[in-house]
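Student: I would like to go through some labels on this model and the criteria behind them. Please set each value against its definition.

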Amino acid sequence: MNPVVTPFGTTRCGEDVQLLSLDNGTLSCQILTFGATLRTLQVPDRHDRPIDVVLGYDTLTEYEIRDGYLGAVVGRYANRIAKGRFTLGGHEYLLACNNGPHHLHGGLVGFSHRVWKVEELSHCRALLSLESPDGEEGYPGHLKVLAEYRLDGSSLSLTFESLSSQDTPCNLTNHSYFNLSGQGSGPVLDQEITIHAQRYTPADKTSIPTGELALVEGTPMDLRCPTPIGAHIDEPFCQLEWGRGYDHNYVTDGRPESLRPAAEAYSSATGIAMEVETTLPGVQFYTANYLESGRPGKGGTRYGPRHAFCLETQFFPDSPNHPHFPSCILQAGQVRRDQTRFSFKVR
């Protein structure tokens with residue numbers, strides 16, 4: 001089998017975008033060079049029918065103009081940095097505030113809206129690269145990133161390798177919106193979620209961590225056993241009320257830098273179960289609370305609030321301003337390798 005490369009349009013800045021199609025005989029996916037975006041992920045259901053389990057768009061324009069970062073790689077810093085500022089090496093750095101008073105997902109033009117270069121390509125692997133110059137979006141250091149998508153049996157792995165000329169915050173993640181009943185099938189509230197975390201990082205009303213590493217036990221944040229996503233999402237609990245549902249970082253059990261289970265999800269409608277493993281210290285569980293009703297999706301479908309969930313493996317939000325959080329600082333000249341694996345089976 002050979003990979004298929006097709007044009008997917010031209011950006012408003014005149015850059016050509018390609019669509020890379022991979023297929024290993026069990027899973028298949030499409031990756032855009034715009035944002036290194038996972039556009040489709042076809043997984044067999046209990047009847048061996050391919051089900052596309054990620055949300056996305058039919059046109060490049062939608063990816064350019066709409067918020068939500070559907071399927072994109074976000075960086076240089078995924079999630080939020082409070083007030084768009086941090087101090088490193090005695091110097092204060094100022095970033096764009098593009099999410100109310102805070103910096104989100106890399107700023108005004110993050111990695112999600114850059115065209116990546118294809119370095120290597122086969123039927124089951126795509127290696128893309130991106131360079132971010134010193135000072136881009138306010139960050140220090142010239143950063144080079146490799147992102148590898150690999151299909152292996154019933155798994156899709158995403159591996160980042162990062163190298164910077166100066167010490168810099170670096171926190172990359174994939175922002176796919178999953179619906180294991182199939183993209184466009186409606187709300188995911190009856191799908192089950194398990195998150196392997198005894199603690200989470202509570203946030204204020206603007207989604208900035210308070211600094212506490214709180215126990216999930218005895219709260220609606222406790223998802224250590226399989227739980228329907230909708231079971232507690234509307235309980236009168238301030239964390240859920242402020243976020244309109246789940247939009248929280250969980251402290252993944254186990255030793256960071258080792259590949260270990262972070263979360264599992266399951267749809268009884270298709271029988272598809274997904275396991276997420278990662279080397280990163282946290283995972284953001286987000287229930288698509290801010291997708292507006294009627295948003296156009298692939299194949300003429302329409303999306304809305306809670307029509308998907310995200311499991312964004314990551315360093316904790318606002319880590320540069322919380323010294324007791326696991327350090328997100330990429331040291332100058334040192335290569336860092338972060339990996340996340342999505343594995344599928346049917347029940």
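Student: What volume does the second largest pocket have, and what makes a set of points a pocket?

Tutor: The second largest pocket holds about 260 Å³ of space. On a 1 Å grid over the protein atoms alone, a pocket is an open set of points where a 1.4 Å probe fits, with protein on both sides within 12 Å along at least five of seven lines. The volume is the space filled by probe spheres set on the points, which are joined across faces, edges and corners.

This is a predicted model, in which local features need pLDDT of at least 70 and side-chain atom pairs pLDDT 80 or more, while totals for chains, interfaces and linings use all residues. Residues are numbered from 1 along each chain as its sequence is written, and side-chain values use heavy atoms, without hydrogens and water.

Student: Which residues of the lining are closest to the centre of the second largest pocket?

Tutor: Glu257, Phe315, Ser327, Arg336 and Asp338, out of 16 lining residues; lining means an atom within 4 Å of a point. Strand S29 (336–346) gives the most, with 3 residues; strands are DSSP runs of E, at least two residues, numbered from the N terminus.

Student: Why is Ser258 called buried?

Tutor: Its relative accessibility is 18%, and buried means under 20% (1.4 Å probe, protein chains only). Ser258 therefore counts as buried.

Student: What does Ser258 contact beyond its neighbours within four places in sequence?

Tutor: Ser258 is in contact with Thr278 and Thr279, where contact means heavy atoms within 4.5 Å.

Note on methods. Helix = DSSP H or I, 4+ residues; strand = E, 2+ residues; numbered from the N terminus. Buried < 20%, exposed > 50% of the residue type's maximum accessible area, 1.4 Å probe, protein only.
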